[in-house]
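Me: I am new to this structure and would like to know how its descriptions are reached. Could you walk me through a few of them?

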Amino acid sequence: MASRDIDRAEAARLLPGAARILVIGCSGSGKSTLARALAERFKLHYVSMDRDVFWLSGWQARPRDDANRRIAEFVALPRWVMDGTSPRTLPERLARANLVIWLRPPRLVSLYGIVTRWFRYAGRTRPEMAEGCPERLSLEFIRYVWHFERDSEPKIIERLAAYEGEIPLLVLKSRGDSRALLANLDGRH
């Protein structure tokens, strides 16, 4: 793949000293849940790309210049965990990341994630989304998740390849892997 692939045990060893952690993956894969848990555990500033960069109230996309400025401000912070994939913005974020966690469960797991999230937050805004953006589920979004491996993963792999050997990369293939990582961290404290 790219970067420097690590396993959960090595990630558990490296994470406590990582000042800037990037959590990427398909919508519904559990990025926000894991990123929030890591931010809380290591007292890192939590940045949700959806809430803090891409969306304004009423599901209005933030203008690209403003979004780029906000990304630059967030990546310049000394300590953060950032949840969001956006292949277009990966190079700037990867340049500052100490460790990347890529959630890559089967697409049915991600589809289940977006559907259950919709039921949980129907009509309300979830914590990692911009205020005034109630949870929604559309055929277009379901298609995005279904085709994520085909459409987005090649771009992600290409962006990660630019940092081959430089940034530790942990790939988690299930929600169980994410829970096991957190359990490994609990065992270290």
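**Two loop residues and a helix pair**

Reply: S86 sits in the loop between β6 (80–83) and α5 (90–94). This is a predicted model, in which local features need pLDDT of at least 70, side-chain atom pairs count only at pLDDT 80 or more, and totals for chains, interfaces and linings use all residues. Residues are numbered from 1 along each chain as its sequence is written, and side-chain values use heavy atoms, leaving out hydrogens and water.

Me: Why is S86 called buried?

Reply: Its relative accessible area is 19%, and buried means under 20%, exposed over 50%, and partly exposed in between (1.4 Å probe, protein chains only). S86 therefore counts as buried.

Me: What makes the phi of S86 worth a look?

Reply: The phi of S86 is positive, about 35°, although S86 is not a glycine. K43 also has a positive phi, near 55°, and is a residue other than glycine. K43 lies in the loop between α2 (31–42) and β3 (45–48).

Me: Is K43 buried or exposed, and how do you know?

Reply: The relative accessibility of K43 is 65%, so K43 counts as exposed.

Me: Why are α6 and α7 called roughly antiparallel?

Reply: Helix α6 (residues 107–121) and helix α7 (residues 139–146) pack at about 150°, with axes 9 Å apart. Angles under 35 degrees count as roughly parallel, over 145 as roughly antiparallel, 65 to 115 as roughly perpendicular and the rest as oblique. So α6 and α7 are roughly antiparallel to each other.

Me: Which residues of α6 meet α7?

Reply: In α6, R107, L108, S110, L111, I114 and R117 meet F141, I142, V145 and W146 of α7 (contact means heavy atoms within 4.5 Å).

Terms used. Axes are lines fitted to C-alpha atoms, for helices over the stretch in contact, and angles run from 0 to 180 degrees between N-to-C directions. Helices (H or I, at least four residues) and strands (E, at least two) are DSSP runs, numbered from the N terminus.
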